[in-house]
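Let's take a walk through this one together. Keep the sequence and the 3D view open as you read.

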Amino acid sequence: MPVARGGSAGNLSGGKTLKTLFSVSMAAIMSGGMWASVVLAGPSDDKLVIDEQIEMTTRTAAPEGHPLDEVISGWHYRTPETRALETDTFQNPGMLAVEEGAQIWETVEGTEGKSCATCHGDASESMAGVGANYPKWDEDSGKPINIELQINKCRVENMGAEPYKFDKDGQKPLTAFIKHQSLGQPVALDLSQGDMQTWWDKGKDLYYRRTGQLNLSCATCHEDYNGYRIRADHLSQGNANGFPTYRLKQGALVSIHNRFRGCIRDTRAEYPAAFSDDLMALEVYVTWRGSGLSVETPAVRQ
Amino acid sequence: MKFTIKSGLASALVLLASTAFAASVVAPGDVAIEDGAVSKSLTGAPGDAAEGRKTFADRKLGNCLACHAVTDQSEQLFHGEVGPPLDGVGDRWSEAELRAILVNSKAIFSEDTIMPGFYTLDVGVDVREDLVGKTILTAEQVEDVVAYLITLKE
């Protein structure tokens, strides 16, 4: 495992100057992390309160076994303008998709003549807190499933409708709508269900596995260097609590598997299929790394 | 018979190496990093610092600015802060050391460094299909960047 550094803003403030840094021996340079002291971009210290009433947990003590001391939401790493968009549901551009999701919730589809609401009624009650606990163990498939796959399961088994294809049709808005019902709830996975622990282990392996021509793992960027700028990007801890996330760059909601694939592609590697075992394992592990953070869906990112 | 063909091939290669420029390029697998340095030019020729300056900034090539700031390129927006600023790097390291850092930073810093090796096939798993067996930079581009880095003196 790589040397942990830059894990929290506290690590960044060693106060050494460049001059002292470079007068030390090469061996010291190779041991790494010293120029960390000269850069102080770090995550912001603001508090996220949505609509002046929902106090969000965006920083919290890491769960046991976590390599970092503090778990920090990606919100802290964004610009003040981007952060502001998330404090107000009227300004949050992702809320349009959530409203679209609300319509889909009520829409009858498939041979059984049912909508989500037929079985689940008012989502603000039936779905409150639900999204904070996914991925969950699915006995039927013997695998963990996320909200997207649970939606597909309902569509096929209960509605007689076609499953959504990855990122198509109602998948992103409906997922965002369901997760939004848990806004402010802490992310908490139950790893004691079924074989969840095995999938967590597998996800952890993948997280530290270096991929592609650039030879980088998730941990290289999000564990060792969160808080640093990589060209124009400000690296966060890469947490999953805001997904589907509204990305200003794309002007659309982005699903968690899309984000994973993008990050893997950026290492110049072939990337796994959405909902493949690899990406589900990664989702279990990455979601766990953000344990205790509030669900922010739809988070706003750059 | 076999022997003759082999020695014939070998001498043909030697001939090629001494005549054609391309053949004198050291293949990624053959670069010897000794005492943290690669003493000879990978192409057998000196690099072009002006080209190196461009390769350094080009997001599709070195993209060094992703991680390193350098005052000499302050006209470029967004310098990264993941690695140390490279001002004065030509004073801190010799040409041969800089070449080694570029070729395979893992051999110089540590296995865990975030800095990619630009002329090595010791890379991550699942490399994008069209990039299998290819290095990030060509030998010539590495030499150009080395020539540029050497100009960064304080």
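Helices here are DSSP runs of H or I with at least four residues, strands are runs of E with at least two, and both are numbered from the N terminus. Before going on, the ground rules: this is a predicted model, where local features need pLDDT of at least 70 and side-chain atom pairs count only at pLDDT 80 or more, while totals for chains, interfaces and linings use all residues. Residues are numbered from 1 along each chain as its sequence is written, chains are lettered from A and ligands numbered from 1 in the order in which they are written, and side-chain values use heavy atoms, with hydrogens and water left out.

Back to helix 11 of chain A, which spans residues 256-266 and has Ile256(A), His257(A), Phe260(A), Arg261(A), Gly262(A) and Ile264(A) buried. Buried means under 20% relative accessible area, exposed means over 50%, and partly exposed is in between, with a 1.4 Å probe and protein chains only. The cover over those buried residues includes strand 10 (252-254) and helix 12 of chain A.

Helix 12 has another partner. Helix 9 (residues 196-208) of chain A packs with helix 12 (residues 277-289) of chain A at an angle of about 90 degrees, their axes 7 Å apart. So helix 9 of chain A is roughly perpendicular to helix 12 of chain A. The axes are lines fitted to C-alpha atoms, for helices over the stretch in contact, and the angles run from 0 to 180 degrees between N-to-C directions. Under 35 degrees counts as roughly parallel, over 145 as roughly antiparallel, 65 to 115 as roughly perpendicular, and the rest as oblique.

The axes of helix 7 (residues 147-159) and helix 8 (residues 171-180) of chain A come within 9 Å and cross at roughly 110 degrees, so helix 7 of chain A is roughly perpendicular to helix 8 of chain A. Ile147(A), Glu148(A), Ile151(A) and Asn152(A) in helix 7 of chain A meet Gln171(A), Leu174(A), Thr175(A), Ile178(A) and Lys179(A) in helix 8 of chain A. By class, that contact has four nonpolar, three polar and two charged residues.

Now find Val108(A), in the loop between helix 4 (95-106) and helix 5 (116-120) of chain A. Val108(A) is partly exposed, at 47% relative accessibility. Leaving out residues up to four places away in sequence, Val108(A) touches Gly113(A), Lys114(A) and Ser115(A). Zooming out, chain A has twelve helices and eleven strands, and 54% of its 302 residues count as buried.

Chain B has six helices and zero strands, and buried residues make up 42% of its 154 residues. Seven of the nine residues of helix 4 of chain B are buried, so this helix is largely enclosed by the rest of the structure. Its buried residues pack against helix 3 (89-92), helix 5 (105-108) and helix 6 of chain B.

What about the largest nonpolar core? A nonpolar core is a set of buried Ala, Val, Leu, Ile, Met, Phe, Trp, Tyr and Cys residues joined through side-chain atoms within 4.5 Å. Of the 39 residues in the largest one, Leu42(B), Phe56(B), Leu102(B) and Leu149(B) touch the most other members. Helix 2 (49-57), helix 4 (95-103) and helix 6 (139-150) of chain B each supply at least two residues of this core, and helix 6 of chain B gives the most, with six residues. Apart from this core lies another, of 25 residues, among them Ala219(A), Phe243(A), Ala269(A) and Val286(A).

Last, the cysteines. A disulfide is a pair of cysteine sulfur atoms within 2.5 Å, and by this rule there are zero disulfides over all chains. The sulfur of Cys221(A) is 7.7 Å from the closest cysteine sulfur, in Cys263(A), too far for a bond.

Definitions and conventions: Contact means heavy atoms within 4.5 Å. Ala, Val, Leu, Ile, Met, Phe, Trp, Tyr, Cys and Pro count as nonpolar, Asp, Glu, Lys and Arg as charged, and the others, Gly among them, as polar.
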